[in-house]
Amino acid sequence: GDEPGRWKTVVVASDFHDAETDQFALEVFLDTVSRVAPDKIVLNGDVFDNYSFSRFDKDPRKCDIEGNMRFARENIFKALRDRSDAQIDLIVGNHETHLLRHMSNRTPELRVLLSSFMGLTLSDMFGLREFEINLICKSDLSAFRAADIRAEIAKNYATYWGCLTVNHYADDKFQFGTSWCSAHTHKPRLVTSCNAVLGGLWGMTTGCMANIDNSYTDGVNRNQNGFGIVHIDTHKKHTIPEMIVFSDSSAMVGGTRYSRP
């Protein structure tokens, strides 16, 4: 048989957009974490929406900064911690950086005060420390120009056991040299690659955890709920993707079927 601890499991989900989270998708995700007992849980960006800090024209009815932050902390972070003592990483996505960009463009002085004088980080602002969640963000509060932040977003990734890279953006050219999980598009996708040196690799873009009929939908809705499970042979550095894609009414995870109320 396999040596104890040889196989590891990672559960990856993204694009919750705080209060826009699809409640059914969230319940399936949380129950999966309870059943699978993963070694690592990766929140691959856009857990927060930060609509209030975006560049778009604002609908004041949607600008509930405190309520949205509290939703993510209580319904995602705390709910995960209540079910798992696994390592949890949050990889910064473009919506998390709305806050950084806003401070760079509108209130750079406040950013200096928060980071240099008060010693606050994004982990503090997002309330991650309470739940022992790691923030994967290379720029944090140190990049002061919007251009710097755009360049830094691409560096926000984590590689696990040397064979799986999780990044908010797709790595279609397989520049990481590993199999990978990405997010951002709200559309599930699986691509494969193979070469003599690295062998068979794959790239999985997970669906979103947000309501598919959300405020960003323009015209025909092409979003789809979903998340991913990755099984890793840490000895051979091989990875097996398990892509969870929701229909409008159901989801199937490891032989367990969930039905939308």
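**Group meeting: surface, pocket and cores of a predicted chain**

The accessible surface of the chain comes to about 12400 Å², and 50% of that belongs to carbon and sulfur atoms. Areas are from the Shrake-Rupley method with a 1.4 Å probe, and for residues only the protein chains shown count as cover.

This is a predicted model: local features need pLDDT of at least 70, side-chain atom pairs count only at pLDDT 80 or more, and totals for chains, interfaces and linings use all residues. Residues are numbered from 1 along each chain as its sequence is written, and side-chain values use heavy atoms, with hydrogens and water left out.

The chain has six helices and 13 strands; these are DSSP runs numbered from the N terminus, helices being H or I with at least four residues and strands E with at least two. Of the 261 residues, 51% count as buried (under 20% relative accessible area; exposed is over 50%, partly exposed in between, 1.4 Å probe, protein chains only). Among contacts (heavy atoms within 4.5 Å) with a separation of 6 or more, 62% join residues 24 or more positions apart.

Now the cores. A nonpolar core is a set of buried Ala, Val, Leu, Ile, Met, Phe, Trp, Tyr and Cys residues joined through side-chain atoms within 4.5 Å. The largest has 38 residues, of which Phe 29, Leu 43, Phe 77 and Phe 227 touch the most other members. Elements supplying at least two residues each include strand S1 (7-13), helix H2 (65-83) and strand S10 (226-233). Helix H1 gives the most to this core, with seven residues.

What does Leu 43 touch, not counting residues up to four places away in sequence? The list includes Ala 13, Phe 16, Phe 29, Phe 77 and Ile 91. A second, separate core of 15 residues includes Ile 91, Ile 136, Cys 163 and Trp 202.

Next, Met 252, which lies in strand S12. Met 252 is partly exposed, with a relative accessible area of 46%. Leaving aside neighbours within four places in sequence, Met 252 is in contact with Ile 244 and Arg 257. Met 252 and Val 28 are 224 residues apart in sequence and 9.2 Å apart in space, C-alpha to C-alpha.

Last, strands and a pocket. Strand S9 (199-205) and strand S11 (238-245) each supply at least two residues of the lining of the second largest pocket, and S9 gives the most, with three. On a 1 Å grid over the protein atoms alone, a pocket is an open set of points where a 1.4 Å probe fits, with protein on both sides within 12 Å along at least five of seven lines; lining residues have an atom within 4 Å of a point.
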